[in-house]
Amino acid sequence: MTGAPLLDVTDLTVSLPHPDGSRLFAVRDLNLRVGAGQIAGLAGESGSGKSITSLALMGLLPDGAKVSGSAMFEGRDLLSMSARDRAALRGRQMAMIFQDPMTALHPMLSIGRQMTEHYRHHFATTQAKAMRRAEEMLDLVRIPDPRGALKRSPHQFSGGMRQRIAIAMALCCEPTLIIADEPTTALDVTVQAGILRLFERLRGELDLSVLLITHDLGVMSAVADRVSVMYAGRLVEGGARADVLTRPRHPYTHGLLNALPGAGGSGGMQTIPGLPPSIATHPPGCAFHPRCPFCAPSCKVDTPPLVAISDDRRIACPIDPLAPKKVTAS
Amino acid sequence: MMQMIRSGWYRLPGLLRFTLGRLVVGALLCVGVTFISFTLTQVVPGDPVMANLGERAASDPEIVALYRERYGLDQSLPEQYARYLGRLLQGDLGESQQTHRPVATDLATYMSATIELAIVAMILAMAAGVALGITAAVWRNRWPDQAIRVISLAGVSVPTFWLALVCLYVFFFKLNLSPGVGRLGPGTPAPPTLTGLYTFDALLSGQWGLFREALSYIALPALVLATYTTGIVTRFTRVAMLDSLGNDYVRAARAKGLPARTVILRHALRPALAAIVTVSGMAFGRMLAGAVLVESVYSWPGLGLYAYRSALTLDLQAIMGVSLIIAVIYILVNLGVDILYAVIDPRIRY
Amino acid sequence: MANVTTNTHRVGRKRRSEWMQPLGLIGATILIAFALIAIVAPLVAPYDPLAQEARRLMPPSADHWFGTDQLGRDVFSRVIHGARLSLPYALQLVVMAGILGTVLGAIAGFFGGWVDGVIMRAADLVLAFPDIILAMAVVAALGPGLFNAVLAVVIVSWPIYARVARSMILTLRQEPFVLSRRLLGASSIRTLWSEIRPNITGPLVVLVALEYGHAVLILSGLSFLGLGAQPPAAEWGAMVSEGAKYFDKWWMSVFPGLAILMVVMAANFLGDTLRDVIDPRSKRHLS
């Protein structure tokens, strides 16, 4: 990948206040890049900090959250810019799609109202123009009878249709980056496939960049160009999709892939033993060590740094048990 | 036959079906209310003969027997209830001992003043309560929230009758900002009766001076009557707003870059409003009850003052008439609120 | 396991700190202070509340802190003695209404069916009536007096307790521990008593705290209207009512009214804080 990426996140750390006065670190030292026209995947179980990451990038963290590091977007640092500039960017250059289309659309406002209000706010234009734009966008995401759809309420659409509408809504202001937080998780498998195809098509047609956040590596393998894997607030592995998903190097990624239905050469689905740590109880050392089959004594003490093992591949595991053997058994 | 009714029922448009259903429930409630008021007059251990005849007459067995026969007191309870219902349906609520007029006529005379007072107070309470509740929710757990919590708790704690007196003392006696008690100054003719609400009638007949005078008289009692309800509406709005602000669609609205004002007032308030409207219906009933205390201090010629005077002379018929009419108003208001709710929120129509 | 222990510890500490919230603490302190005043009233009151000894209608002074009323009685002493009426009668009211309502609500919730239907529809209907006016009607029939006022308000205020008790029991009935007791053959009444009672006590205590203020308000309101305590009783609402007749003698009604305000506000502060502290699972039954 050459040239400056569209979004370049460096050492992002997010902490949230705990009622007893201490701070919980939801994300630590996260590094992430999204190139122009790229679909970058961010994977991890629930509680791994991936959703907090997306909220931090959008500037929607709850009160009391503290953020450090930098997130360069189109040459400007999101984390240090004024709230006003941030608000001007939000929904305009960077848009967000939420997990559950059943709750992300306002139940009492018509589709037309919801699809035009931010367009009118960002572009200071007439309702008629905004409606035309909304109609085009609905057409783009293949909603039948877009004009009629604008007059209806969300509860008159199915889940898949609502997610299409949410995507169309995000596209209205021609954003360069879309952050999609588990956009297909709440949908049926057949509907999921349609939404993923839609992302691929839009990326091609609109030169859109997408940060796709999901716990589902199956979804990831379908569309992502690059994959980053998070565990307990830290990045554990990152690289091109084909590399990471076919030749995982971090034990956690390996475990995730084995847990996929129908995956894992060595005998079908295997779950990772143990439970993911909650945000309040990150174990010392490598956070994954209590569940790791390759755990060495040093893993319980030292936090492994993320190191580049090739041009385009980074892992946070000094043991590297899955490295290809020097002498390959043929 | 049932099948036909049923299939026809489901062919009605949703909102109409919902409204008809609520109307039936409301009508049943009204019948229940008459039952309660009848039961109370029966269960309460005061002897209606003693209460209504006075000691001398009650000691004469012949008069008592005649009285019992006249009012059907010698019949069985179900028969008495049937008679009672029959009289109610003809608009006969008995006779007031105090005014020696039919209770129904008295109620008609006094009702409009109370309705006017309650409407003005309700507008004040809703405006203040919703504004305070939104502020508290937006500043959750910070000092504005704490301050509003204390204010709203004070609002529901202050004895209405005492606040009425204190306000009268301060604003009328000391500061001379209020013209005093009553609906209009002595000698001022009332506006032509259109709705019975002086402020509306004055406005409708274009009498600006009269409108201002009526407004200056209603301001103080309405303000006092509104305090309690303001506290209730504030607390409820805060909870409903907190609920609403936590919704995905509010976060989605923020993610669209909409200004905080739009997010709060358009996206978060709207679903909260449905809940607020519901509580306001119940609060309205309580407000009508609170009117007794306010009206007795401000000589406001409404149902409350009438009930107060009737209670002092132990005039059971008159008080039962007032409670019956207020209970029916309460049911009707809540019926209206239910229907309004269905109009606001398209998901409600089943 | 170690983790679990520290966790519960943390929750316990947090709970206690919420208990100590300033509002709840202020409320509890004021209520206790008023209760003490009620107990020792004859010792602390400078004058006999009924003695007509002083000059009439005197404004507050060093001798008579709250002034004197139209009969030359010391308002300060009367306000202090007023605590002996308002506080215990309001307590009596919430206890009676609480027991009546809880029992009816528990029966409705536990047995369901037509029993539930009858009790809860009756509750709905009573709630449709304006409380103070219905109480006025009952008092008018029973005759004025503070105890009759209490009875009247019990009749109009039991439905709130019934609703809370019923909804809690409906939830608890589905809990595994109650179901298992029933499956093991425990009789309905015994299950009701041994398993459910301790679980609904907390929310009911909160409800009683919240309703206590309302009880003081409505009783003093009835007395103000002349339907509760009768003269010459030193009851706060009745005193405000007497003061209203001497409009420019503000001290006659301001001080007893302030006493009502303080007690009601204290009860509401306490009830409101308790509601926040209580287990969120039972909290929703109270709103």
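A salt bridge here is a side-chain nitrogen of Lys or Arg within 4 Å of a carboxyl oxygen of Asp or Glu. By that rule, the whole structure holds 31 salt bridges over all chains. The model is predicted.

**Exercise 1**

Task: Decide whether the pair A:Asp63 and B:Arg142 forms a salt bridge, and state where each residue lies and how exposed each one is.

Solution. 
1. The closest N and O atoms of A:Asp63 and B:Arg142 are 3.2 Å apart. The cut-off is 4 Å, and the pair forms a salt bridge.
2. A:Asp63 sits in the chain A loop between helix H1 (50-58) and strand E4 (66-73), and B:Arg142 in the chain B loop between helix H7 (103-138) and helix H8 (143-157), so the pair joins two chains.

**Exercise 2**

Task: Characterise the salt bridge of A:Glu237 and A:Arg313 by distance, burial and position in the chain.

Solution. 
1. The N to O distance between the two side chains is 2.4 Å, and A:Glu237 and A:Arg313 meet in a salt bridge.

**Exercise 3**

Solution. 
2. C:Asp248 has a relative accessible area of 36% and is partly exposed.

**Exercise 4**

Task: Summarise the fold content, burial and surface of chain B.

Solution. 
1. Chain B has 15 helices and 0 strands.
2. Chain B has 350 residues, of which 47% count as buried.
3. Among contacts in chain B with a separation of 6 or more, 69% come from residues 24 or more positions apart.
4. The accessible surface of chain B is about 16,900 Å², with 65% of that on carbon and sulfur atoms.

**Exercise 5**

Task: Describe the interface of chain B and chain C, covering its area, its polar pairs and the make-up of the chain B side.

Solution. 
1. Contact involves 50 residues of chain B and 48 residues of chain C.
2. The two chains bury about 4,000 Å² between them, and carbon and sulfur atoms carry 81% of it. In chain B, the residues that lose the most area to chain C are B:Arg149, B:Phe161 and B:Trp162, together 16% of what that side buries.
3. The interface of chain B and chain C contains 3 salt bridges and 6 residue pairs in polar contact. B:Arg286 and C:Asp131 meet in a salt bridge with an N to O distance of 3.8 Å.
4. Elements giving two or more residues to the side of chain B that touches chain C include helix H2 (14-43), helix H9 (160-174) and helix H15 (316-344) of chain B. H15(B) gives the most, with 10 residues.
5. The residues on that side of chain B divide into 40 nonpolar, 7 polar and 3 charged.

Terms used
Residues are numbered from 1 along each chain as its sequence is written. Chains are lettered from A and ligands numbered from 1 in the order in which they are written. This is a predicted model: local features need pLDDT of at least 70, side-chain atom pairs count only at pLDDT 80 or more; totals for chains, interfaces and linings use all residues. Side-chain values use heavy atoms; hydrogens and water are left out. Helices (H or I, at least four residues) and strands (E, at least two) are DSSP runs, numbered from the N terminus. Buried means under 20% relative accessible area, exposed over 50%, partly exposed in between (1.4 Å probe, protein chains only). Contact means heavy atoms within 4.5 Å. Accessible areas come from the Shrake-Rupley method with a 1.4 Å probe; for residues, only the protein chains shown count as cover. Buried area is the accessible area (1.4 Å probe) that two parts lose on being put together, summed over both. A polar contact is a pair of N or O atoms within 3.5 Å; within protein, one must be able to donate a hydrogen and the other to accept it, and residues adjacent in sequence count only if both atoms are side-chain atoms. Ala, Val, Leu, Ile, Met, Phe, Trp, Tyr, Cys and Pro count as nonpolar, Asp, Glu, Lys and Arg as charged, and the others, Gly among them, as polar.
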